[in-house]
Amino acid sequence: MKWVRATLPAGVIALLGSAVLAPGMARAVEFEYSGYIREHLSMNLQDSNEFEPKGSPDPLGLTSIGDNFGGQGELSMWRHSGKLEASADFGPFQIAGVGRIARETRTSYERGLQNASKKTPAYVTLGAGGAGIIGGYLGVPGPAIPSLIDQGVFANAGAFNGANMNALLTGAGLPCAVVTCFPADHPGLGAGTQDDLLLEDYDSTELREMYVTFNVTDRMHFKLGKQQVVWGETDFFRAMDIIHGYDLRWRSFLELENEELRKPLILGNVTIDVPELAGSLQLIYRPGWDAGDDIGDSGPINGGRWAPVPWAGAGVTSSLIGPYNYHHNGADEDDPNYGFRWSGTFKQVGYSFAYYRGLSTDGLVVRNPLLGGTTNFGQWEGGNYRLTELIFPKIETYGFTFNAYSGLLDSVLRGELAFTPNKPYNTGTDTYVDLFSFLSGVSANSGGLPFFPGITLLNDPHNPASGYRPGAGGVTSGGAPVGASLSVPGLADIVEKDTLKIMLGVDKNLNWTMNALGTSRPAFWTAQLFDTWVMNYDRDDDIVESFGFGAARREHQTILTNAFTFPYKYDTVTPGIAVGVDLGSFDSFVIPSLDLQYGDHWRVRLEADLFFPAHTETTNLGMTGSDRNDARLLGTLSNRDQLVARITYQF
């Protein structure tokens with residue numbers, strides 16, 4: 001951290017907001033700044049296992065794509081970033097800001113992801129408007145999928161307007177008498193080009209924080225502007241860190257410092273000290289001035305190196321599958337959010353109580369009512385041709401945290417409770433979409449998408465009598481003929497359940513390591529037990545753990561993590577290891593690491609990210625074989641093992 005003392009003329013002070021100072025007054029201003037320049041590199045330790053159909057036909061040649069996809073030994077990340085933090089103290093008030101710029105050199109592996117994305121079922125069926133799959137999947141006369149891709153027909157779905165959509169449908173032998181054709185001036189079906197899948201997610205130039213702080217009285221402290229507010233006691237998984245979403249696209253959950261992944265928001269943040277009660281009251285107000293992509297967790301669902309298996313290369317939000325909607329009536333980012341936290345100390349026990357009403361950091365998928373009869377959550381925007389939308393619903397959370405030193409255990413004990421009433425969940429572990437029931441001109445639903453008039457939901461992709469109408473009481477007695485069925489777990493009704501997140505943790509210095517292992521000071525051990533409890537759980541609700549995966553949510557999802565660090569040579573050489581395991585499925589991860597310090601400026605971190613899923617899935621949308629999609633949270637990281645190097649020059 002550097003600081004400089006300077007005298008500024010009154011005009012400059014006025015421009016910086018010195019209305020609180022006397023006009024014409026010059027004063028000394030203290031500046032502080034710090035930052036880093038950083039390189040990230042990662043190398044794949046395994047070949048990708050995407051595109052391996054099991055027990056199902058492979059009309060698109062996905063096996064050959066997988067054979068050539070590879071990945072082992074290739075760089076998956078070459079990232080260049082820099083961050084600058086600066087503050088100026090004017091006496092009555094202070095101004096601070098944080099800026100960060102990141103650019104990535106595209107690796108051959110990422111270019112392979114980009115190319116493969118143009119042949120995945122997710123892109124062919126939906127990203128390109130859906131009609132293209134007719135030729136390659138059903139054998140209907142008309143243009144075949146590979147030739148259409150090679151000719152660039154689907155290179156820009158946004159340019160795929162009503163006129164050429166109709167031309168493709170009729171050219172495939174489906175006259176408008178059978179299908180509902182588009183208006184000629186229909187604006188197009190996509191939300192961008194295929195090049196958007198990887199390039200936009202990783203590069204950024206952002207003013208991450210910019211805020212002013214001042215005191216109205218000795219007890220009342222204001223912090224206004226774009227900032228981060230951290231509630232809670234946890235690492236890795238979160239219970240009470242609920243105000244901000246995280247950007248999980250470029251590094252998943254593995255970056256060491258949470259502030260590098262947390263997404264700052266424009267907030268009013270007021271703290272009122274109450275020394276008589278040994279505590280303080282914090283008031284938080286978010287006026288709703290943030291951009292949509294500042295809200296909620298940004299998952300790696302648009303292709304890329306951290307896309308959940310088997311979705312590498314699939315552009316979910318750049319297609320009709322599920323773009324984000326930040327203005328859903330039950331999840332509008334323009335609506336204000338608010339909350340408070342009381343924190344204090346009682347007999348050497350730190351504690352806090354909190355309440356927050358805001359947008360969930362967990363996403364929810366709502367379906368087009370023409371697909372299922374109703375969205376079952378909020379109001380669907382009319383004239384919308386998307387199959388689903390991704391939203392961050394508004395919820396309430398009540399929280400409690402504590403931390404205390406235990407002399408008996410010679411450890412710090414800490415914990416969190418976060419209760420969310422009526423938290424919404426996606427359901428339907430065995431839900432399928434029959435895209436081409438329109439071949440017979442029959443629709444099982446009362447409506448029908450304008451370009452797929454016979455689209456319907458099924459419980460069994462091989463049984464046309466299993467028509468599933470979530471908005472009309474479940475399975476129907478009849479159903480549309482089964483043409484091409486896509487497995488889409490989670491597309492049934494949305495249910496609301498009271499949910500309690502619990503975390504219990506212990507932090508302990510291991511004094512014995514100095515003699516036994518020769519560490520320069522005691523090694524450090526931290527353990528955390530996380531449990532997500534669906535309190536009014538009912539197996540018949542058929543809640544999915546993750547949308548797009550067929551594993552049913554359990555009443556308790558429990559994960560145990562342990563982390564150890566062993567400092568040597570006065571903290572200049574610090575090996576460590578982190579281990580996590582899902583106690584229900586026994587999916588696990590192991591992260592051995594080595595941190596090196598060279599002088600005051602250079603820091604190097606080397607690590608291996610290793611995942612050991614008990615269950616995984618290798619076939620994505622459109623492949624509905626006998627191998628059920630039973631991957632859980634950590635199972636979606638199968639074959640994502642990598643070596644990572646992070647080199648930092650800090651100043």
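Predicted model: local features only at pLDDT ≥ 70, side-chain atom pairs only at ≥ 80, totals over all residues.
View 1. Y355, by contrast, counts as buried, at 13% relative accessibility, which falls under the 20% limit for a buried residue. A search of the whole structure finds 18 aromatic pairs, and one of them is formed by Y355 and Y398, whose ring centres lie 5.0 Å apart with 55° between the planes, an arrangement that counts as tilted. Because Y355 belongs to strand β12 and Y398 to strand β15 (residues 394–406), this pair ties together parts of the chain that are 43 residues apart in sequence.

**View 2. The pair of W602 and Y649.** The ring centres of W602 and Y649 are 5.1 Å apart and the ring planes stand at 65°, so this pair is edge-to-face. W602 is found in strand β27 (residues 602–612) and Y649 in strand β28 (residues 642–650), so the contact ties together parts separated by 47 residues in sequence. W602 is partly exposed, with a relative accessible area of 44%, and Y649 also counts as partly exposed, at 29% relative accessibility.

**View 3. Strand β12 and the strands that pair with it.** Strand β12 (residues 349–359) has eight buried residues among its eleven, and it is therefore largely enclosed by the rest of the structure. Strand β11 (residues 337–346) pairs with β12 in the antiparallel sense over nine bridges, and within this pairing F346 stands opposite V349 of β12. The two strands form a hairpin with two residues between them, and in that turn K347 has a positive phi of about 50°. Strand β12 also pairs with β15, again in the antiparallel sense, over eleven bridges, and here the bridge partner of Y351 is F402 in β15.

**View 4. The largest cavity and the residues around it.** The structure holds three cavities of 30 Å³ or more, and the largest cavity contains about 80 Å³ of space. Its lining is made up of 13 residues, of which I243, L265, I295, G296 and L359 lie nearest the centre of the cavity.

**View 5. Strands β13 and β14.** Strand β13 (residues 364–367) runs antiparallel to β14, and four bridges join the two strands. In this pairing, R367 stands opposite T388 in β14.

**View 6. Charged groups over rings, and a cluster of phenylalanines.** The charged end of R38 sits over the ring of Y36, at 3.9 Å from the ring centre. A second example is given by R79, whose charged end sits over the ring of W250, 4.0 Å from the centre of that ring. Elsewhere, F237, F253, F530 and F589 form one aromatic cluster.

View 7. Although P613 and G635 are 22 residues apart along the chain, their C-alpha atoms are separated by 4.6 Å. D571 lies in another loop, the one between β24 (556–565) and β25 (573–582), and D571 is likewise partly exposed, with a relative accessible area of 25%. The C-alpha atoms of D571 and Q597 are separated by 7.6 Å, while the two residues are 26 residues apart along the chain.

Notes
Residues numbered from 1 in each chain as written. Heavy atoms only, no water. 1 Å grid on protein atoms, 1.4 Å probe; cavity = no way out; pocket = protein on both sides within 12 Å on 5 of 7 lines; lining within 4 Å. Points joined across faces, edges and corners; volume = space filled by probe spheres on them. Pairing = 2+ DSSP bridges. Phe/Tyr/Trp six-rings, centres within 6.5 Å; stacked < 30°, edge-to-face > 60°. Buried < 20%, exposed > 50% of the residue type's maximum accessible area, 1.4 Å probe, protein only. Lys NZ or Arg CZ within 6 Å of the ring centre and 35° of its normal.
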